[in-house]
Amino acid sequence: MRFRYLIALAAVWAVATSASASAQADGEPLTLPAAIRRALQQQPELQAFAYRLDAENARVGEAALGPETTAELMIEDALGSGDYQGVDAAQTTLSLSRVIELGGKRAGRVAVAEAMRSRVETERAIRQLDVVADVARRFIETLHGRERLRLTREAVQLAERTREAAARRVQAGLAPVAEVARAEARIAQAALELEHTEHEYESSRRFLAAAMGEREVRFGETSGDLFALETVAPLDELVRRLESSPVLLWFADEARLREAEILLAELKRRPDIQGQLGIRRFEQGGDFALVAGFRVPLQSGRRGAFAVDAARADRARTEAERESALLKLQAQLLASYRELEHAQLEARVLRERVIPALEEALARTEYAYQRGRYSYLELTDAQQELMAARLRLSEVCANFHLLRVEIERLTGQSLESAGVTP
């Protein structure tokens, strides 16, 4: 009775979760390119880059402006004592002043602002690749989850078939009654595993929706072949592609920014001239006079030399950081590529040699079990070996695709391989 209760409980839960999965699958099938397009359109973090670029465009416009003109009103010799009581002896001066930039400093500021804008654009490209890779990983996990769900359902059916075979053996006097009880316990365990697998599959779909920037699951089944292992470009070609990956392009933008900062720092060593022109009124007699002057900072070249040295140090640091990043990328690429080759080999061995051999072994074991020549334990061992090999094949294929996604992210080919234009 205890086993039958567990079986019934697990069966009810499996029916409920299957109904939930069917309700979710009512939407249109979702392909990987469609999922990526939705993510690129909806991810809030990517949308924020549009505002960052607007801000950088505004800074470019601001950098192109010249120095401001300043108006100054000055009253002298007023509100004093003796002859300077009141304002009768006051002098009032109204003047305009402006810095006269020398040496192309305005163009230097614009170059720095444009380099910063270019760096933000590259950061957006890097983040787009991260989003694409995340969506692809979640998509693969849903394909793997669906395959695990299929195998788990098959395991339930296999356990039920084994119980029927055990019951026939008991009726024929070829096995003890305990074999039926063990078979029923195995059905209950398989049904519980089915419930757990169903829950994990639903979770993978929700994670995929979140990666696309959606709060709810608004798609049907994910459309894709988990066992189709696409060919990957040779390792030498992938290493060459690293040079054009957005991660290294970011360092190129950073280097251009540092170069622009060096140029601007050198231009600032040449002092600017501040000119002033105005008119002065003498209250005594009501006369007017012209006021003009110039102001030039002293020792600005010496001060600017430190700024140039700092900018050059930042430029050298950027180059060192780029080299370090390139070495890490190459190491990650090599490790991922070797793992991918192993996954491809393991999948081929499982598919062509291991699983066919285990399928034949199970068929022979079932035949012998029905005739009383093999034990229940030998039959269940053969079943579990086959199911484990099929599950391992699914895991290996999923790992292959995950490694391919990582390689495409490192080399900046994710959008291209998915057939998506951002």
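User: What is the bridge partner of G278 in β4?

Analyst: V291 of β4 is the bridge partner of G278. Keep in mind that this is a predicted model.

User: What makes β3 and β4 a pair?

Analyst: Two strands pair if there are at least two bridges between them. β3 and β4, residues 287–295, have nine. Therefore they count as paired, and the sense is antiparallel.

User: What do β3 and β4 form, and how many residues lie between them?

Analyst: They form a hairpin, with four residues between the strands. G285 sits in the turn, with a positive phi of about 95 degrees.

User: How many bridges join β2 to β3?

Analyst: Ten would be the word; the count is 10 bridges, and β2 (residues 91–100) runs antiparallel to β3.

User: Why is Q276 called partly exposed?

Analyst: Buried means under 20% relative accessible area, and exposed means over 50%. Q276 has 29%. That value falls in between, so Q276 is partly exposed.

User: Where is Q276, and which residues does Q276 touch?

Analyst: Q276 belongs to strand β3, residues 273–282. Beyond four places in sequence, its contacts include E72, S95, L96 and V291.

User: What makes the approach of Q276 to S95 a polar contact?

Analyst: The cut-off is 3.5 Å between N or O atoms, one able to donate a hydrogen and the other to accept it. The side chains of Q276 and S95 make such a contact at 2.9 Å. The side chain of E72 makes another with the side chain of Q276, at 3.4 Å.

User: How do you know that the span of α3 agrees with its number of residues?

Analyst: Helix α3 has 20 residues, 44–63, so at 1.5 Å a residue it should span 28 Å. Its end C-alpha atoms are 29 Å apart, which agrees.

User: Which residues of α3 are buried, and why are they said to be on the same side?

Analyst: L46, F49, L53, E56, V60 and A63 are buried. They cover an arc of only 80 degrees around the axis, so they lie on the same side of α3. These buried residues pack against α2 (32–42) and α4 (105–171). P44, Y51 and E62 are exposed on the other side.

User: What span should α5 have, and what follows that helix?

Analyst: The 34 residues of α5, 178–211, should span 50 Å; the end C-alpha atoms are 50 Å apart, which agrees. Just after α5 comes G213, with a positive phi of about 85 degrees.

User: Where does pLDDT stay under 50?

Analyst: Over residues 1–25. The mean pLDDT of the chain is 83, and 90% of its residues reach 70 or more.

Technical notes: Residues numbered from 1 in each chain as written. Heavy atoms only, no water. Helix = DSSP H or I, 4+ residues; strand = E, 2+ residues; numbered from the N terminus. Expected span 1.5 Å × (residues − 1). Buried < 20%, exposed > 50% of the residue type's maximum accessible area, 1.4 Å probe, protein only. Arc of directions from axis to C-beta. Contact = heavy atoms within 4.5 Å. pLDDT = per-residue confidence, 0-100.
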